[in-house]
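I opened the model to look up two things.

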2 protein chains.
Amino acid sequence: MGIHRKTSSLNTLLKEFNNDISAITVVDLVSRLGDKMNKTTIYRILNKLEEDSILHSFFGKNGLKWYAKCDGCCNSKPESILNKFRPHFQCLSCGKIDRLNIEMKLPKVTDQKVSVSQLLIQGRCESCN
Amino acid sequence: MGIHRKTSSLNTLLKEFNNDISAITVVDLVSRLGDKMNKTTIYRILNKLEEDSILHSFFGKNGLKWYAKCDGCCNSKPESILNKFRPHFQCLSCGKIDRLNIEMKLPKVTDQKVSVSQLLIQGRCESCN
DNA sequence: AAATTAATGCAACTCAGTTGCAAAAATAAG
DNA sequence: CTTATTTTTGCAACTGAGTTGCATTAATTT
Ligand SMILES: [Zn+2]
Ligand SMILES: [Zn+2]
Ligand SMILES: [Zn+2]
Ligand SMILES: [Zn+2]
């Protein structure tokens, strides 16, 4: 278990994921909340939230770390991932990431044990066309 | 066009992708070739090779940049990607990345114009089990 | 209320990746 | 072949996302 105590920093940070935004960079979070809490705190809380499968993370085009709400797609139970996961879409022009409303299935062809799967589709979003 | 001149640095770098290894980190390349050429040169050549769609890149679990041979999966023609792409697999224990021998199809459900799609599946590889 | 344990702030640090500029190598022109 | 042009390279300094150690503060337990 990552999170042990309910602190105000934790609450403030969690609020940021209750918007319509589907994924946020840590850099963005730091610039939004940097006056309310230290950036180290932000990094540490995000880390714990991922450990608890409340958030999950991945890296976008420029190497920046993105966080998004996890809906069980990162559980250690293989079935849950193998059956369905939802891809993210990053616009290479404006950089924005959204979660697509598609469910994809991953074929179980490997001997490896899968625990996470992240499909990042890249292209140009509607606004940038 | 990224590459204009055939230099020895370019050749040396290209050789590294003729092994059976399916993906290499830049950090790894720098430590292997660092005595033969400057790290800045490595970064710059990789950049150009990606521009020319000879290599493609993505970011692994720890934010490191990986390069692999591109077989047209990163062309700007939407059809080529929408029809098939091959996922990479990263072992969360030893960090190694391999390209899986599976072809996946991406459903064309979006208004967005897709140019790249990268599926990074994560778990534990055979050797680490 | 006191003791224990976890979370936070701060400053310094790490290190992958970038930038500017002068020197060297490759290609083109004569 | 020789000279002029353009690209590539090395070097050193820099950038910035992410980390670490430690002392202080806040939350939870006894
Ligand atoms: Zn998830
Ligand atoms: Zn856009
Ligand atoms: Zn490709
Ligand atoms: Zn492994």
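The protein donors are Cys91(A), Cys94(A), Cys125(A) and Cys128(A), each through SG, at 2.3 to 2.4 Å. Donors here are N, O and S atoms within 2.8 Å of the metal (3.2 Å for Na, K and Ca), with water not among the atoms, so sites may look incomplete.

The model is predicted: local features need pLDDT of at least 70, side-chain atom pairs count only at pLDDT 80 or more, and totals for chains, interfaces and linings use all residues. Residues are numbered from 1 along each chain as its sequence is written, chains are lettered from A and ligands numbered from 1 in written order, and side-chain values use heavy atoms, without hydrogens and water.

Next I checked the geometry. The four donor atoms subtend angles of 105 to 119 degrees, so the arrangement is tetrahedral (four donors, all angles between 85 and 135 degrees).

I then looked up Cys94(A) and Cys125(A). They sit 31 residues apart, Cys94(A) in the loop between β4 (88-91) and β5 (97-99), Cys125(A) in the segment after β6 (113-124) of chain A. Strands are DSSP E runs of at least two residues, numbered from the N terminus. Cys94(A) is partly exposed at 44% relative accessible area; Cys125(A) is buried at 6%. Buried means under 20%, exposed over 50%, partly exposed in between (1.4 Å probe, protein chains only).

Last, the sheet. Three strands of chain A form an open antiparallel sheet, ordered β1-β3-β2. Strands pair if DSSP finds at least two bridges between them; β2(A) and β3(A) have five.

Technical notes
Tetrahedral: all angles 85-135°; square planar, octahedral: opposite > 155°, others 65-115°. Helix = DSSP H or I, 4+ residues; strand = E, 2+ residues; numbered from the N terminus.
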